[in-house]
Amino acid sequence: MDSMEINKGMAAVLVAGIVFFLTGLIGVHLVTEERPAKVAIAIQGAPAAEPAAAAAKPEELPPIAPLLAKADVATGESTVKKLCSSCHTFTEGGKAGVGPNLYGVVGGPHAHMEGFNYSAGMKAKTGNWTFDELNAWLKKPSAYVKGTRMAFAGINNDQQRADVIAYLRSLSANPVPLP
Ligand code: HEC
């Protein structure tokens, strides 16, 4: 085989490579991989997508007023010592831990402690902490504030939650009147 033949062979391989490469480039531009926003053909009997709102709907809680009326502050305090004191302090002017100091939180604004690094979701909450809101918060913090920094699952027992809220209410020179 003379060298001309070898050159021709190599040229053929090169050209094939270039053509292959260019076809790929053009192909990528011709065919887009984006999914359409709307399904073009709805398949009968296929389960409809869950509406996001329904999934995020918070559970109905029993009214807090009757539970607070029979709540026990001392029981609440001992529950708080067990469940919350690893992250929170409760005395007036107490330092922040993992969580903010909680003195005067009942009736105070959301994100009530000056200078504490709250989550964006908590900072976005307007208005003051009512008994109902504390009830919902302590039932399931992650449901009440999306992306909350409070890594705490929640208190499931309704009366136990009311006891805790009654104790939090007592952490004030002028406790908010009971509902
Ligand atoms: C693992 C640490 C941790 C535990 C345990 C914890 N918390 Fe928190 N708590 C936090 C953090 C962090 C925040 C701030 C949340 C945010 O910014 O989203 C917070 C916020 C709060 C707030 C809102 C304060 C404000 O200024 O608006 C209340 C009320 C609260 N916690 C009560 C409790 C109670 C009551 C318990 C016990 C039943 C408890 N927490 C257990 C870390 C904790």
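Predicted model: local features only at pLDDT ≥ 70, side-chain atom pairs only at ≥ 80, totals over all residues.
**View 1. The iron atom of the ligand with its protein donors, His88 and Met150.** Here the iron is coordinated by NE2 of His88 and SD of Met150, at 1.9 to 2.1 Å. For comparison, ideal angles for six octahedral donors are 90 or 180 degrees. The two residues come from distant parts of the chain, 62 residues apart: histidine 88 sits in the loop between α4 (73-83) and α5 (120-124), and methionine 150 in the loop between α7 (141-144) and α8. Histidine 88 is buried, with a relative accessible area of 11%, whereas methionine 150, at 22%, is partly exposed.

**View 2. The largest pocket, with a volume of about 510 Å³.** Of its 27 lining residues, the closest to the pocket centre are His88, Gly99, Pro100, Trp137 and Met150. Helices α6 (131-139) and α8 (158-169) each supply at least two lining residues, with α6 giving the largest share, three residues.

**View 3. Asparagine 135 in helix α6.** Asparagine 135 counts as buried because its relative accessibility is 2%, under the 20% cut-off. Beyond its neighbours within four places in sequence, asparagine 135 is in contact with Leu61, Pro62, Ile64, Arg161 and Ile165.

Notes
Residues numbered from 1 in each chain as written. Heavy atoms only, no water. 1 Å grid on protein atoms, 1.4 Å probe; cavity = no way out; pocket = protein on both sides within 12 Å on 5 of 7 lines; lining within 4 Å. Points joined across faces, edges and corners; volume = space filled by probe spheres on them. Helix = DSSP H or I, 4+ residues; strand = E, 2+ residues; numbered from the N terminus. Buried < 20%, exposed > 50% of the residue type's maximum accessible area, 1.4 Å probe, protein only. Contact = heavy atoms within 4.5 Å. Donors = N, O, S within 2.8 Å, 3.2 Å for Na, K, Ca; no water.
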